[in-house]
Amino acid sequence: RWRYETNGWITGTPYVKDGVVYVCSNDGYMYAIDAFNGDIRWKAKTEQAITSTPLVANFAGRDVLLAGSTDGRLYVIEKETGKILWRFLVEDWMASPTIPNNNIIIGSKNGMLYDIKTERGCTINEPEDKTIVGQREIMVRGIALSGTGTPSISIRINDGEWKSGIT
């Protein structure tokens with residue numbers, strides 16, 4: 001009926017839900033393709049190859065897709081738009097996630113098994129991971145998600161006390 005070509009090999013089993021084929025590729029993208037005509041609905045870019053099978057889930061009250069990348073992150077991607085909502089740093093290649101009892105369970109090449117709650121999450125986009133910011137004021141940008149209550153942010157510098165931030 002149709003054919004769609006990515007710029008890398010398909011690394012996991014495609015997931016089909018509600019007339020959309022979700023597929024991860026070695027080219028670093030997750031694709032949402034219309035199951036009836038093969039048209040692309042959206043594609044989401046990660047830092048490296050996506051190695052897992054996509055999984056539809058609920059995260060912080062939103063319908064999302066989960067996928068693991070060789071950049072060492074688990075990505076939570078908005079199902080309707082392809083927007084990356086949240087990232088969890090595992091620091092190594094990971095297997096396909098599963099969701100028993102509303103928690104994300106994922107295994108990693110580093111020998112660790114992670115159990116991640118799905119009620120809320122926060123991703124810091126700026127500064128980038130492992131950036132040394134020195135002795136200066138910095139602006140922190142990111143996304144805070146919560147399925148229960150209003151998202152809030154707390155900040156702690158070194159071993160100091162936690163302080164409420166602006167949401």
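Is Ala-60 buried or exposed? With a relative accessible area of 4%, Ala-60 is buried, where buried means under 20% relative accessible area, exposed over 50%, and partly exposed in between, using a 1.4 Å probe and protein chains only.

Colleagues, a word on the source. The model is predicted, so local features need pLDDT of at least 70 and side-chain atom pairs count only at pLDDT 80 or more, while totals for chains, interfaces and linings use all residues. Residues are numbered from 1 along each chain as its sequence is written, and side-chain values use heavy atoms, with hydrogens and water left out.

Let me turn to the chain as a whole. It has zero helices and 14 strands; here helices (H or I, at least four residues) and strands (E, at least two) are DSSP runs, numbered from the N terminus. Of its 167 residues, 37% count as buried. Contacts are heavy atoms within 4.5 Å, and among those between residues at least 6 apart in sequence, 35% join residues at least 24 apart. The accessible surface comes to about 10,400 Å², with 48% belonging to carbon and sulfur atoms; the areas come from the Shrake-Rupley method with a 1.4 Å probe, and for residues only the protein chains shown count as cover.

I return to Ala-60, which sits in the loop between strand E5 (55-59) and strand E6 (62-68). Its phi is near 50 degrees, a positive value in a residue other than glycine.

Asp-18 also has a positive phi, about 55 degrees, although it is not a glycine. Asp-18 lies in the loop between strand E1 (15-17) and strand E2 (20-24), and it counts as exposed because its relative accessibility is 61%.
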